[in-house]
Amino acid sequence: MTRRSAQVAVARGAAITLALLLAAACGQKPGVGSDSTAAPTASDQAVAGAPASQDESLAGSETVDTSGGSSAAAPAAGSTGAGGSTSGGSSTPATGAASPSGRSGTGSAGTGAQGNAAGTGSGAGRTQTSSAGPSSGAAGSGGGTAAPAPVPGSPAAAADRTGVTDTKIRIGIHAPITGAAPFPQNAFDKGKDVYWKYLAEKGGLFGRNVEIVFRDDQFNPSRAVQVCREMVEQEKVFILMGAAGSEQITACARYANSMGVPYLSAGVNEDGLTGLRTYFATSQTYHQQHPALVSYITNKLRKTKLAIVLNNTPALNETQQSVTKFAQAAGLNIVRQSRIGKNASDSELLSEANALRGSGAEVVYLLTSPVNFIKLATNGQAQAYSPIFMGPGITNGLNIVAEAGCPAIGPAKFFSPFPQLDVIDQLDPDYQKSYQKYNGGKGDDIGLAEWGLSKVVGAMLQAAGKDLSRQSFLGALESGKEFATNVYPIVSYNGTVRFGAKSAHLLEADCSKRTFKTIAQFTTGF
Amino acid sequence: MPRFLASRSALVGTAIVVVVAAVMVASGQRQALVIGVITGAGYGLVALGLVLIYKSSGVFNFAQGEFGTVAVYTLYGVHDLAGVPLLPAMLVGLAAAAAMALATERVIIRPLFSAPRVTLLVATAGVSLLAISLELWLGEARIRFIQPALGRLDRVSVFGVQVSDQRLLVLAALLMLAVLLGLFFSRTNLGLAILGVSQEPVATELMGISVRRLSSFTWALTGVLAGLAGMLTAPVVGSFAPGFLTTTSLIPAFTAAVLGGMTSLPGAFVGGVVVGVAQSLAVSAPIFYENIPGPGAVMVFVLLVVVLALRPQGLLGKSS
């Protein structure tokens, strides 16, 4: 072989390796290489028949309150609710034979058949709600290319007690421990069991304790589906929960829906999640936070020039349209709209900071990972540009962001499902006591986020009753009951509403202490 | 005229770069040009190490990024956690990177040296993956934040873009190293010996030069270069995590090295800047970012494919 041909061979080898590495990198990019189960289409959404507004009122709501010091009262309330739920759920196995026809049917015809079967089979008011056409349709179409499993909430499915024993309930959680929006692993590990240990001491959930199965989704939707599949098919969890990351949550929620597994997460985007039968947001979605966010900019900050910067993912298209619509309606001048990569390069972020400065934006609506946020703010500061960063989200208001990003992030403000540590003792004194008891130190805000989410789920499990199955769980959620924790906002759902929160907390960075503080609790507007 | 501009092809390549820069200035993308130059300097630093190894042994070193990441972790541990002053801590970081490079040469490269180059390429990729796994295992899978050694942000402003002292330091280090290494390979006996080993190892050995020692020296040197790249660029970005330099810079740096000609050290500098400018243009010009998702990464890939297809020897490289 001549030297020239050897060089060409090596160059080709390098090119192929580089292409493979790039392909792997592109697999993490929005819209490229995403899992097939996470590919909603417009027709999916149309068939799902989701309501135009998720704010519709919930009739006949009942509250399961585990807030503050009243948690001891929760089991009683939950038991009461559970009775009805369980009876409805447990009446369903007899109609199990209807499931295959419902599944094999395609489009609205199959859905309609399933809905009718449900209504006929149970005759219970709650079950009729759960058999409503739109939600059944969503289950039929939401799985993308995969055929959905029997829908637990429908009478067509047998009672599914996967992950539930007489003494244990197994719950799967995925969160980014690595990747662009990482939770510190130690903090996450310490916090994930605190509420369940606290609850176990109070007798558990009808004698059952909760066991958490955790997987790192690496802030990557493909990986998220993979770990959710592991947790469902190998670990046999009862329900799935997503901690953060809109793409990961969307991907996993769609997979869970295709398998008939209940899935809960803090509110993120609605696009891709609307109409999923088994999905429930435990806090406001980005869209739902926008009215309060815009009113804060106009009425409190009194700024007019807004820039909108989002992660470059199709899952946020609707979010971008939503904030644009609300901002324009409020008379704000949108001076720049842009998308940045999930793992944006130094060049990209410096260019973006420079472009934002050039646009003259006074407030930057930001929906990206904490790492991108900190780097963008740092690059902005390097360009003598310090706007007010503001946005919805779950992770940008964490104290680790202030610790690493101050002073560049300035008085950044982010809505959050949970308050910050400065007010938690007033809202829920049990948190710090429990954290101290089980971990031997002061609880942090990551633990608080887990505590709040666990508390919501605990209330839901109580409401599902002693005869716990996926059917009774979904039935309890769809019953219209309100779940109050005094940490997360009150949520309630029904047969079609899956985005059931109506308020959020607003946090502000306090760079003198390098922490976030709570400037509004359970707010709906300003 | 500088030596690397002596050939006609190099002149053409340089002329293209100059014309592109002029068009960017004329079309209002002046800031993208500045941003590209200052961010591309980081790629150029990593590319220097890649070129050094390829020039001396014909190996595409996919572990280059991890040599630098290990240096950053060491700097963080010694300076930020243990409180050792910055300069001694940087020396410890450089030593760690050099040690890792030496270990790679001794354990992986030397036993496989007579194997096809593609085998060595894959072996270095394996070293990189192993290093990332170790960083995840030992260093916890989380992002760490690091402050720049030079904190002033507004010393220089070019076309309205403020260039921080830390970025100036990266640019200066790149320029200086490119020139010094260029002189080293063209003017010193040791440099010429390294080139001799890469072209005719047996003949070089017969001349009484120890190929093994030269190989060790070259790998240690590339470790030091990677360490410098990591420790200078991480504070610019402000954070790092396992696989930091591999994930942020390796592919653009490879593109820079290929663009520069793989064997040309000044070419690595030019290639780094060109890649940085292309990336910056892609994310700044509406025609790109409004139509292409992830335009920066796409631009790097397109640039790599175009160079390999049209001019495999790169802008400043020599065709065989």
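Predicted model: local features only at pLDDT ≥ 70, side-chain atom pairs only at ≥ 80, totals over all residues.

Residues are numbered from 1 along each chain as its sequence is written, and chains are lettered from A and ligands numbered from 1 in the order in which they are written.

Chain A has 20 helices and 15 strands; these are DSSP runs numbered from the N terminus, with helices (H or I) of at least four residues and strands (E) of at least two. Take the contacts in chain A between residues at least 6 apart in sequence: 73% of them join residues at least 24 apart. A contact here means two C-beta atoms, placed from the backbone, within 7 Å.

Now the core. The largest nonpolar core contains 228 residues, a nonpolar core being a set of buried Ala, Val, Leu, Ile, Met, Phe, Trp, Tyr and Cys residues joined through C-beta atoms within 7 Å. The residues with the most contacts inside this core are A:Leu240, A:Cys252, A:Met460, B:Leu48 and B:Ala97. Which element gives the core its largest share? That is H2(B), with 17 residues. As for A:Leu240, leaving out residues up to four places away in sequence, its contacts are A:Gly172, A:Cys228, A:Met231, A:Val232, A:Cys252, A:Ala256, A:Val261 and A:Tyr263.

Helix H10 (residues 221-234) and helix H11 (residues 246-259) of chain A pack at about 35°, with axes 8 Å apart. Axes are lines fitted to C-alpha atoms, for helices over the stretch in contact, and angles run from 0 to 180 degrees between N-to-C directions. The crossing of H10(A) and H11(A) is right-handed; that is, the near helix is turned clockwise from the far one by less than a right angle, and left-handed is anticlockwise. On the H10(A) side the contact includes A:Cys228 and A:Val232, and on the H11(A) side it includes A:Cys252 and A:Ala256. By class this contact has ten nonpolar, one polar and two charged residues. For the classes, Ala, Val, Leu, Ile, Met, Phe, Trp, Tyr, Cys and Pro are nonpolar, Asp, Glu, Lys and Arg are charged, and the others, Gly among them, are polar.

Back to H2(B), which has two partners to show. In chain B, helix H2 (residues 30-57) packs on helix H6 (residues 165-187) at about 30°, with the axes 8 Å apart. The two are therefore roughly parallel, since angles under 35 degrees count as roughly parallel, over 145 as roughly antiparallel, 65 to 115 as roughly perpendicular and the rest as oblique. Their crossing is left-handed. B:Leu45, B:Leu48 and B:Leu52 are among the H2(B) residues that meet H6(B), where the partners include B:Leu174 and B:Leu177.

The axes of helix H14 (residues 346-359) of chain A and H2(B) come within 9 Å and cross at roughly 150°, so H14(A) and H2(B) are roughly antiparallel. H14(A) passes H2(B) in a right-handed crossing. From H14(A) come A:Asp346, A:Ser347, A:Leu350, A:Ser351 and A:Asn354; from H2(B), B:Gln31, B:Ala32, B:Ile35, B:Gly36, B:Thr39 and B:Gly42. The classes here are three nonpolar, seven polar and one charged.

Last, the backbone. Most residues other than glycine have a negative phi, and most peptide bonds are trans. A:Cys406 and A:Pro407 are joined by a cis peptide bond, with omega about 5°; A:Pro407 sits in the loop between helix H16 (399-405) and strand E11 (413-416) of chain A. A:Arg302 has a positive phi, near 55°, and lies in the loop between helix H12 (286-301) and strand E7 (305-311) of chain A. A:Arg302 counts as exposed because it has 8 C-beta neighbours inside 10 Å. A:Phe522, in strand E15 (residues 515-523) of chain A, also has a positive phi, near 45°.

Definitions and conventions. Buried ≥ 20, exposed ≤ 12 C-beta atoms within 10 Å, placed from the backbone.
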